[in-house]
Structures are given as C-alpha cells and as structure tokens.
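Trainee: Please take a close look with me at one part of this model. I'd like the cut-offs spelled out as you go.

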Amino acid sequence: MRDPDWPIGYARLILDEVDSTNAEGLRRAAGLAGPTWIHAARQVAGRGRRGRAWSDPVGNFAASLVLRPEGAPGEVALRSFVAALALHDALSAVAPGADLALKWPNDVLLAGGKLAGILLEGTSHGARMDHLVIGIGVNLVEAPLRGEGAVAPVSLRGETGVVIAPEALLAHLAAAYARREATFVTEGFEPIRAAWMARAARLGQEVTARTMQGETRGIFETVDEAGQLVLATPGGRHVIPAADVFFDREAL
C-alpha cells in the first residue's frame, strides 16, 4: 500500500525516544512555526486521561500534533472528535474491513476492545488557548495488560493480523487529520459530530458514565453540539461533559 502524500502546511519531527510525545509537544510548542506532528519510536513515560499511565511497547504508535488553534477552549477541545475521526479513517485505510468504532469521549475500539486513545493537553492565558497538543497512542503490535480502563485493550496485529510500521500509520493519520481539520474549520462541528455519531459504539444501548461524583446509567442517545454525552434515563435526559463510559458485560 502506498503511503499518502504528507499534508501541506504540517511539519513533522521523528524522534528515537521521549518521555511522552505530549510532554515533548508542550516543551517545543512556543518554538514551532506551525502545526507539527511529533512522533517517537519509543515513549518511556506515556500518559492517558486522568493521569493514568499509557503503556507503549516498541512497535506501537505514539505521536502528538501541536496546534495553535483559534477559538474558545470549549470549541478547541472539540478537536478530540476531529482526531478520533481522522484516526478511524487512517486505521480503516490500513486495515480494510476491520471492526472499528468510536467510544466517547476519545477512544477507538477494534472488535469491542480498546485499540487507541487520544489525550488533549494545552497551554493558555486566561480564556485564550495558546497551544493545543493532541496525543494519540495506538496498540499496533502489542496490547498492554488490562488496567483500570473501562474496556480491555487489544492490538491491531492481534485482532486483524495487519502489521504496519508506526511511521507509515503516521502518514495516513496526518493526511486524514488535515482533511478533517479543514472540514472543522470551514464548516464547524456539525459535520464532524454527524460523522462521529455514524461510527459511535453502543449508540442506542445502555451504558454507565462514571465521574468523581458518581455514576449515571442510561441509554446513549447522542453527543450534543458541545461534544457532551447525552443519556436518556428514567429521570430524564442527562448531559455529561466528562466521564469514563462503561459498557454492560452482557452486551460485549
């Protein structure tokens, strides 16, 4: 398979080893001239949401995109959906027919297991975002042991037999992200939201959303215009801005 052309306007840095591509992106952000992908062959202190560790064996994928976005922080954060769609696009291209789905807020599933995660971090002054770093990790060759996450991890090689070099996936991802970002900038969140919903895992099924304050169980109804999870419960609709989502075991 021929790798796509690298998108115009995006730079890339290929590194042998870093602590975390997101941490490296935050360190370098102020000195970058424009959107830049930072890819590392090895990441020794990767991290996920809520400060969790992210295991990154050699051969898996770790990269971060550093942007200088415009808009309010809430609008900027919607790029987690842009990134998830782009990653779905890239994985669909390298593993045609794979059973991929998107799990709110920022995971990519393969055959019901967690294949990839996305972590957004940034710097700001007051209400203005200076830089956004979108970190993406994909279990290409090896899935870590299951930790405290809501879904058991899987690998692309283990589930599909597909073997792809991380730098080849980066080429597909960068091209896909550039296309989805152009849509977001010119047309807004709605086409991104609609495309994300078309790939959503467990839409119309019962899920549990857990936060530090408790949990809400209900039917996954939609994701609203602010990217929030909307659950239909016996007590009415609940709008949830941030949570870990768990699926029923019997529905797996």
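Mentor: Happy to! Start where Phe81, Val82, Ala84 and Leu85 of helix α3 meet Phe189, Ile192, Ala195 and Trp196 of helix α6; contact here means heavy atoms within 4.5 Å. By class, this contact of α3 with α6 has eight nonpolar residues, no polar and no charged ones. Ala, Val, Leu, Ile, Met, Phe, Trp, Tyr, Cys and Pro count as nonpolar, Asp, Glu, Lys and Arg as charged, and the others, Gly among them, as polar.

Keep in mind that this is a predicted model, where local features need pLDDT of at least 70 and side-chain atom pairs count only at pLDDT 80 or more, while totals for chains, interfaces and linings use all residues. Residues are numbered from 1 along each chain as its sequence is written, and side-chain values use heavy atoms, with hydrogens and water left out.

Now the geometry. Helix α3 spans residues 79-94 and α6 residues 189-197; they pack at an angle of about 50 degrees, with axes 10 Å apart. Helices are DSSP runs of H or I with at least four residues, numbered from the N terminus. The axes are lines fitted to C-alpha atoms over the stretch in contact, and angles run from 0 to 180 degrees between N-to-C directions. The pair α3 and α6 is therefore oblique: under 35 degrees would be roughly parallel, over 145 roughly antiparallel, 65 to 115 roughly perpendicular, and the rest is oblique. Their crossing is left-handed, that is, the near helix is turned anticlockwise from the far one by less than a right angle.

Helix α6 has another partner in α5, residues 166-187: their axes come within 7 Å and cross at roughly 135 degrees. That makes α5 oblique to α6 as well. Here Arg180, Thr183, Phe184 and Glu187 of α5 meet Phe189, Pro191, Ile192 and Ala195 of α6. This contact of α5 with α6 divides into five nonpolar residues, one polar and two charged. Notice that Phe189, Ile192 and Ala195 take part in the contacts with both α3 and α5.

One more residue of α5 deserves a look, Glu181. At 10% relative accessibility, Glu181 counts as buried, because the cut-off for buried is under 20% relative accessible area, with exposed over 50% and partly exposed in between (1.4 Å probe, protein chains only). Leaving aside residues up to four places away in sequence, Glu181 touches Tyr10, Arg79 and Val82. Val82 is also one of the α3 residues that meet α6.

Key
Helices (H or I, at least four residues) and strands (E, at least two) are DSSP runs, numbered from the N terminus.
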